[in-house]
Structures are given as structure tokens and as C-alpha cells.
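Reader: I am new to this structure and would like to understand the words used to describe it. Could we go through them together?

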Amino acid sequence: MAAAFKEVWKWSGVDENAAGGPAMIVPFGGVNFVQLEGGSALVVRVKKSAKTKSRPNIRIVELDDGAKLGELATRRQAQMTLRPECNVPGGRRTFAVYGDIPAGAQGAEVEAYNPGTQSVDARLRVVVLKPRPVKISLRVLQTVDEAGKPAPHSKLKFEPERLLAYLNLILTPQTNIVVSLGSTKPTPLLDEAKIAKALDLKAPKARLPEVVSFDRFKDLLAGQRDTDAACTIFLMKKVGSGLNQNGSVSREVLGRMDSNLNIGMVADNDDTFFYARTLAHEFAHFLGRYSKKGETTYTGFDDLHSDPDQLMHQGGAGWRIPLAYCLSNFNPNY
Ligand SMILES: [Zn+2]
């Protein structure tokens, strides 16, 4: 079997399909993990810099006994409640990579050297990334129940800390974006005259419908955003899109994001996992609006239609963020 560097588990910040060969990110001052498949006799080392002849920027340490593997086990343990499928594959060598000094987008190179043939049988690019801290506000829409009392629009239990944990589980290993929570107060939409107007109804009053159209309510919600957070996402039962007449929605969607107004909407889907997945997808439309360091495109990051493993696949099927998008849009702090 040809030797190759592999991710330890899905979406952990190793991009096996990066242009030019496998690549990974390591947080500045932190650690990430990678495995080597089919290279039991190879010497794994950081490649010397052509200029300085030193081995710069990163350290790579093989996790070859129980004590050292503990570091990886600790990380796995921290993820188990959210991702029980995280298992460390056997039959491969496992390494911890430490990011001591950032070294630009090209990063440093790890090589698996074969002393017998004196060839390099596998390579790995390692990019050290500084954190990009972002604050998100998550606010549940509040409507009125049958008895006319304020009640959450979604019946799903609202667990902001858990949703935050999911966001960081997806974003931090792959981009070193570190999300914190802003306001988690409910957002009342109780003014029935304003609701009727937003729905373009002839009736003077209306209650919030089960499917809330982003296009009809975004202006009302823009005034309710947490200005202390970079982005506010409103959570509700169902989200609609479009401006049909008589207040109906053109189509139901999982979520929407307006990267100019810094607000989004996410539907609960009766499923915490799906909810978190959609939340991460919509948030990433906003996060990826930075085209380069310092430049911002307010249209947001586009959906990618090809690969359901990707976070930005339309519909948000997967969680993968390729390294190229990380460096170009999500976190250019290399
Ligand atoms: Zn999308």
C-alpha cells in the first residue's frame, strides 16, 4: 500500500484532497492530529527550510504509547456526546502536530522519508492558523399560543450551549474560528398589526404563521439583532422563502442568511442534529463573506452544489470545509 497521510476522523482539519496533496491546519500554539497509512518503516519529520536549513514552525510527535495517545483520547472524549461515531482507525501510525509559529499560507511540510530507498514516500502540508474569534447571537422567535400567551415558535428544546458546542466542533478544527455566544434572549414577534403588514394582508391583525418567510420578516428582525454580536440567527419552527401574495410562502427552506444585514433564520426540523447542521451552514454563508484579508463581500459565501460531504453543499448535508476555502474565506489569519 502506498504511504499517505489521512484524517483521524471526519472533518478534523485534515484535507486529504487538497490541491498539491494532503494538507492540514494546526491552531497557533495548539495541536491537531493526523495519521499515516501504509508507512510503518518511514521516518516522519518536518522538512528543512531551503533558506534557513532549519526545521521550522511546527513539531510532529508520534503517539506511540498509551500515555501519548491519551491526548487524542481526551479530544475524542470531548466530542463523543456530540459525535459518537468518532473512532480512531487502527493499523495506522498516529501523530500530534504542534503549531509553534505561523508560516504563511504555504505553511510547513512534513515528509515521510524512506531510509532504504532514500525517497520521500508521502508529504503533508501544515498551515498554522491564528484564531478568528466570532460572536454569534442565537434567538428563538416568540409568538403567542392558542391562549394568547407568549410562547416559543419552535417546540424543540432550546440549548444554546449545545448548539455553540456543535458550531465549534465543526468550525474550530477546520478553520480555527472560535465561536462565542452573544445574546440568547427570545425575540418576541407579538405585534399583530406589524405581522399583518409584513405578510401584506388586508386584515388589520395576524399571528405569526407556522412558516415564517425570511423575505417578509427580515426587516422586522434586523431591528432585533444583537448589535454586540457579529451575526444573529433567529431560530423558529419553519422558514420560508419568497414574497407570495396573501402572506403564503413560495417555498419552505431549512434556513436563510443575509450577510449584509448580519441576520439569518434557521428552522428546527424537529431534530437537534439537523438543526445544528443547518445552523453551521447558514452561519458559514456569513463567515465566508471575507474574500481575502480585509476585504468583504456582502453577498456571503456561495453554496457548493457538488459534494454532499461539504458544509456548503446546498441543504447543508455535510460538515467538511476544504483547506482552500478556509484560507481564502473563513480564516486567512495564517
Ligand atoms: Zn446555503
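Reader: Which residue stands opposite Met236 in strand 19?

Author: Happy to start there, with the reminder that this is a predicted model. Met236 stands opposite Ala267 of strand 19.

Reader: What makes strand 15 and strand 19 a pair?

Author: Two strands pair if there are at least two bridges between them. Strand 15 (residues 231-236) and strand 19 have 5 bridges, in the parallel sense, so they count as paired.

Reader: In which sense does strand 18 pair with strand 19, parallel or antiparallel?

Author: Antiparallel: strand 18 (residues 255-258) is joined to strand 19 over 4 bridges. One of the partners is Ile263 in strand 19, which bridges to Asp258. The hairpin of these two strands has 4 residues between them, and there Asn262 takes a positive phi near 65 degrees.

Reader: Why is strand 19 described as largely enclosed by the rest of the structure?

Author: A residue is buried if 20 or more other C-beta atoms lie within 10 Å of its own. In strand 19 (residues 263-267), 5 of the 5 residues are buried, so the strand is largely enclosed by the rest of the structure. Both faces are covered, with Ile263, Met265 and Ala267 buried on one side and Gly264 and Val266 buried on the other.

Reader: Which residues make the contact?

Author: Helix 2 contributes Leu163, Tyr166, Leu167 and Ile170, while helix 5 brings Ala276, Leu279, Ala280 and Phe283. Sorted by class, the contact of helix 2 with helix 5 has 8 nonpolar residues, no polar and no charged ones.

Reader: One more topic, please. In what order do the 4 strands of the open sheet run?

Author: The order is 1-4-7-6, with antiparallel pairing. Strand 1 (4-6) and strand 6 (58-62) are called edge strands because each pairs on one side only. From one strand to the next, the twist averages 35 degrees. Within this sheet, strand 4 (residues 31-37) and strand 7 (residues 93-99) share 6 bridges, and Gln35 stands opposite Thr94 in strand 7.

Conventions. Residues numbered from 1 in each chain as written. Predicted model: local features only at pLDDT ≥ 70, side-chain atom pairs only at ≥ 80, totals over all residues. Axes fitted to C-alpha atoms, helices over the stretch in contact; angles between N-to-C directions. Buried ≥ 20, exposed ≤ 12 C-beta atoms within 10 Å, placed from the backbone. Contact = placed C-beta atoms within 7 Å. Nonpolar A, V, L, I, M, F, W, Y, C, P; charged D, E, K, R; others polar.
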